[in-house]
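Subject: Structure handover and notes

Hello,

Here is the structure you asked to look at. Please open it first and keep it beside you while reading the notes below.

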Amino acid sequence: MEKRKIKVYFIGAGPGDPGLLTLKAYEIIKRADVVIYAGSLVSPDIIAFAGKKAHLVDSAPLNLEEIIDVMLSAVRRRQVVARIHSGDPSLYGAIAEQMHALKKHKISYEVIPGVSAAFAAAAALKIEYTLPETTQTLILTRMTGRTPVPEQESLSSLAAHRASTAVFLSVDMIDSVVRELVSGGYPEETPA
């Protein structure tokens, strides 16, 4: 592994299977001094890769300011921080606000991608999202909820494309998801 760099690493833990974690993510988790993970969203099997002396922090009960304080405190002590998010941190990972705060404090950071649940699901189901003469587009989206979705990106609007669609963070609203997709143009017999 490269020379020890004191920084914050935003790590995608993938869909939960520790075998789908990237080697780079594994190496950083293993050598991190502080491991901040997104509560029950990150598999305990992935947290177990942390070194015996690593300080583990469950971020579930913390607000943004408290998470940033943990990061700043660790970096000031010349410690490496692994901030673990489920899936890929660039997709619904809420890392932009954390990166903004680190940039404001002139703290170096890096994003390590993770396997998205969309691609883990396709592999598990043995399907391909892009089929010649059927669709060459994959839409990654979510149902509006606590976090609003712009109207032009509503499920019914996107359904008009009839492209393959991966709907995140919406299982608790599945009946509404189905209604929106059907009203937007997907036939009721569309495989899901």
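A salt bridge here is a side-chain nitrogen of Lys or Arg within 4 Å of a carboxyl oxygen of Asp or Glu. By that rule, Lys-7, Lys-24 and Glu-110 are linked in a network of salt bridges. Before the details, a word on how the values were made. This is a predicted model, in which local features need pLDDT of at least 70, side-chain atom pairs count only at pLDDT 80 or more, and totals for chains, interfaces and linings use all residues. Residues are numbered from 1 along each chain as its sequence is written, and side-chain values use heavy atoms, with hydrogens and water left out.

Some further terms are needed. Buried means under 20% relative accessible area, exposed means over 50%, and partly exposed is in between (1.4 Å probe, protein chains only). Helices (H or I, at least four residues) and strands (E, at least two) are DSSP runs, numbered from the N terminus.

Salt bridges

The count comes to 3 salt bridges. In one of them, the side chains of Lys-7 and Glu-110 meet at 3.1 Å, N to O. Lys-7 lies in the segment before S1 and Glu-110 in strand S5, so this pair ties together parts that are 103 residues apart in sequence. Lys-7 is buried, with a relative accessible area of 10%, and Glu-110 also counts as buried, at 18%.

Glu-110 forms a salt bridge with Lys-24 too, the closest N and O atoms being 2.6 Å apart. This pair links distant parts of the chain, with Lys-24 in helix H1 and Glu-110 in strand S5, 86 residues apart. Lys-24 is partly exposed, at 37% relative accessibility.

A further salt bridge joins the side chains of Lys-30 and Glu-27 (3.8 Å, N to O). These two residues are 3 apart in helix H1, which means about one helical turn separates them. Lys-30 is partly exposed at 39%, and Glu-27 is partly exposed at 27%.

Cores

A nonpolar core is a set of buried Ala, Val, Leu, Ile, Met, Phe, Trp, Tyr and Cys residues joined through side-chain atoms within 4.5 Å. The largest one has 38 residues, and those touching the most other members are Val-8, Ile-11, Val-42, Met-71, Val-81 and Ile-84. Several elements each supply at least two residues of this core, including strand S1 (8-12), helix H1 (23-31) and strand S4 (81-85). Helix H3 gives the most, with 6 residues. A second, separate core of 6 residues includes Met-143, Ala-159, Val-177 and Tyr-186.

Strands

Two strands pair if DSSP finds at least two bridges between them. S2 is joined to strand S3 (residues 55-58) by 4 bridges, and the two run parallel; here Ile-36 stands opposite Val-57. S2 is also joined to S4 by 4 bridges, again in parallel, with Val-35 opposite Ala-82. Both faces of S2 are covered, since Val-34 and Ile-36 on one side and Val-35 and Tyr-37 on the other are all buried.

S1 and S5 pair in the parallel sense over 4 bridges, and Ile-11 has Ile-112 in S5 as its bridge partner. S5 has a covered face, Glu-110 and Ile-112, and an uncovered one, Tyr-109 and Val-111.

Single residues

Ser-116 is found in the loop between strand S5 (109-112) and helix H5 (117-125). Ser-116 is buried, with a relative accessible area of 8%. Ser-116 and Ser-86 are 30 residues apart in sequence and 8.6 Å apart in space, C-alpha to C-alpha.

Lys-106 has a phi near 60°, a positive value in a residue other than glycine. Lys-106 sits in the loop between H4 and S5 and is exposed, with a relative accessible area of 77%.

Regards
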